[in-house]
Amino acid sequence: MEIRYELKSEKERRSEPLQPSEPLPFGVLRTDHMFIMDYEEGEWKNARIVPYGDIPIAPGAITLHYGQAIFEGAKAFCHDDGEIYTFRIDKNAKRMNKSADILCIPNIPEEIQIEAVHSLIDVDRLWFPKQEGASLYIRPFIFATQDSLGVHPSSSYKFMVIMSPSGPYYPAGFTKPIKLLITERFHRAAPGGTGSSKAAGNYAASLRAGEFAKKFGASQVLYLDTTNTYIEEAGAMNHFHITKEGEVVIPEFVDSVLRSITSESIMELSDRLDIKVTQKRVKIKEFIEEVKAKNITEAGGLGTAAVISPVGEYAFEDGGTLVVGDGNIGPNTRKIYEYYTGIQTGKVEAPEGWLKKVERKV
Ligand SMILES: Cc1ncc(COP(=O)(O)O)c(C=O)c1O
């Protein structure tokens, strides 16, 4: 792919490594540049890296009215050798195309998506936050640009990548378990819907549930399937629990659940971790009984941003609560977190192909 570079002048752009004196919040800061590519007349073209800034969009653009938009969330890490490595970025590229299929958006070859991300990181490498536990959060996204009020797939799109230097998700260390609300009131996705994609609309639809959860002191809801029988997701994370025998259980990737790269990675690491990881449908009633009986001793959410968010307790709408184990972070959860972040940061040897070095081109 040929990329046109329209970079900020030396004076306007960062000239020394970012060395924040305070912990950086997650997802707030932006780097100097962004990647853009257009889809017009049946092909992806005009790849460019330009200064980060506003973009013109037609008021009738399909994305603004009908939400034909998808995104990804990935991370890159700086290792002790001073080089930057993306983590499982091929998985993100593959999932972007799966989301694209579900939203009737034209695919972008995986290698082109990866090149877009790596070229942008290369240009903005001085933005890598030099802080223990920090990472560069990468947000590729595609949205429909055709100016049309008819409901149909757009004939034009933009693929863009922006980046956010982010501090550690747990600035105070991996210490505070979260609370999830168990409710039958909201559902994230239905069979045959868009739940297995990262469609922007899935997140718009989740806001009301998130706000409701806050009324109970919970950070998110535990989503059940539409029959209120099975556990599906933990807010914008996959859910997991660990039995007292140390078996990790992740709900099956049915059509209404997002295939989390973190969950897949932990399944792939089970031998190295010497932990049994199983996927199956998990009945909410049995889950509650088993937590009460202390047969389930750890639980949490899995996702790129936090890696693992341990759940200390579940809340119910009637004011009741269900404490998991002793309410603190369990030993298996901690072991997984430490091993996984060790791989990402280059302290533990990564499985073949998980980390891709960002080559120096500019
Ligand atoms: C609904 C949902 N489930 C699960 C995940 C976790 O996926 P991943 O581990 O690929 O970040 C995410 C975040 O991307 C999400 O939005």
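1. The secondary structure comes to 8 helices and 18 strands, where helices (H or I, at least four residues) and strands (E, at least two) are DSSP runs numbered from the N terminus. Bear in mind that this is a predicted model: local features need pLDDT of at least 70, side-chain atom pairs count only at pLDDT 80 or more, and totals for chains, interfaces and linings use all residues. Residues are numbered from 1 along each chain as its sequence is written.

2. Now the overall form. The radius of gyration of the chain is 21 Å, close to the 21 Å that the globule rule gives for 362 residues, so the chain is as compact as a globular protein of that length. (That radius is taken over C-alpha atoms, and the rule is 2.2 Å times the number of residues to the power 0.38.) Along its principal axes, the C-alpha trace spans about 60 × 50 × 35 Å. Of the 362 residues, 41% count as buried; a residue is buried if 20 or more other C-beta atoms lie within 10 Å of its own, exposed if 12 or fewer, and partly exposed in between, with C-beta atoms placed from the backbone. Take the contacts between residues at least 6 apart in sequence: 74% of them join residues at least 24 apart. Here, two residues are in contact if their C-beta atoms, placed from the backbone, lie within 7 Å.

3. On to the domains. The assignment gives domain 1 (4-168) and domain 2 (178-344), with bounds that come from an automatic or database domain assignment. Their centres, taken over C-alpha atoms, are separated by 28 Å. Where they meet, 19 residues of domain 1 are in contact with 13 residues of domain 2. On the domain 1 side, β4, β5 and α2 each supply at least two of the touching residues, and α2 gives the most, with 6 residues. That side divides into 9 nonpolar, 4 polar and 6 charged residues (Ala, Val, Leu, Ile, Met, Phe, Trp, Tyr, Cys and Pro count as nonpolar, Asp, Glu, Lys and Arg as charged, and the others, Gly among them, as polar).

4. Next, the cores. The largest nonpolar core has 43 residues, and those with the most contacts inside it are Ile70, Ala76, Leu120 and Ile138. By nonpolar core I mean a set of buried Ala, Val, Leu, Ile, Met, Phe, Trp, Tyr and Cys residues joined through C-beta atoms within 7 Å. Elements giving two or more residues to this core include β2 (33-40), α2 (89-102), α3 (110-123) and β8 (157-166). β7 gives the most, with 6 residues. Apart from this core lies another, of 37 residues, among them Tyr223, Ile250, Ala315 and Ile336. In soluble globular proteins, nonpolar side chains tend to be buried together.

5. Two of those core residues deserve a look. Leu120 sits in helix α3 and is buried, because 25 other C-beta atoms lie within 10 Å. Leaving aside neighbours within four places in sequence, Leu120 is in contact with His33, Phe35, Ile49, Val161 and Met163.

6. What surrounds the ligand? The residues around it are Gly73, Glu233, Ala236, Met237, Asn238, Leu258, Ser260, Ile261, Thr262, Leu302, Gly303 and Thr304, each with its C-beta atom, placed from the backbone, within 6 Å of the ligand. β12 (237-243), α5 (261-268) and β15 (296-303) give two or more residues to this shell. By class, the shell has 5 nonpolar, 6 polar and 1 charged residues.

7. Is Gly195 buried or exposed? Gly195 counts as buried because it has 23 C-beta neighbours inside 10 Å. Not counting residues up to four places away in sequence, Gly195 touches Arg188, Ala189, Asn202, Asp255, Ser256, Val257 and Leu258. Gly195 and Val254 are 59 residues apart in sequence and 9.1 Å apart in space, C-alpha to C-alpha.

8. Finally, some backbone angles to check. Most residues other than glycine have a negative phi. Asn46, though not a glycine, has a positive phi of about 60°; Asn46 is found in strand β3 (residues 43-51) and counts as partly exposed, with 14 C-beta neighbours inside 10 Å. Asn228, also not a glycine, has a positive phi of about 55°. Asn228 lies in the loop between β10 (220-224) and β11 (231-234) and, with 12 C-beta neighbours inside 10 Å, counts as exposed.
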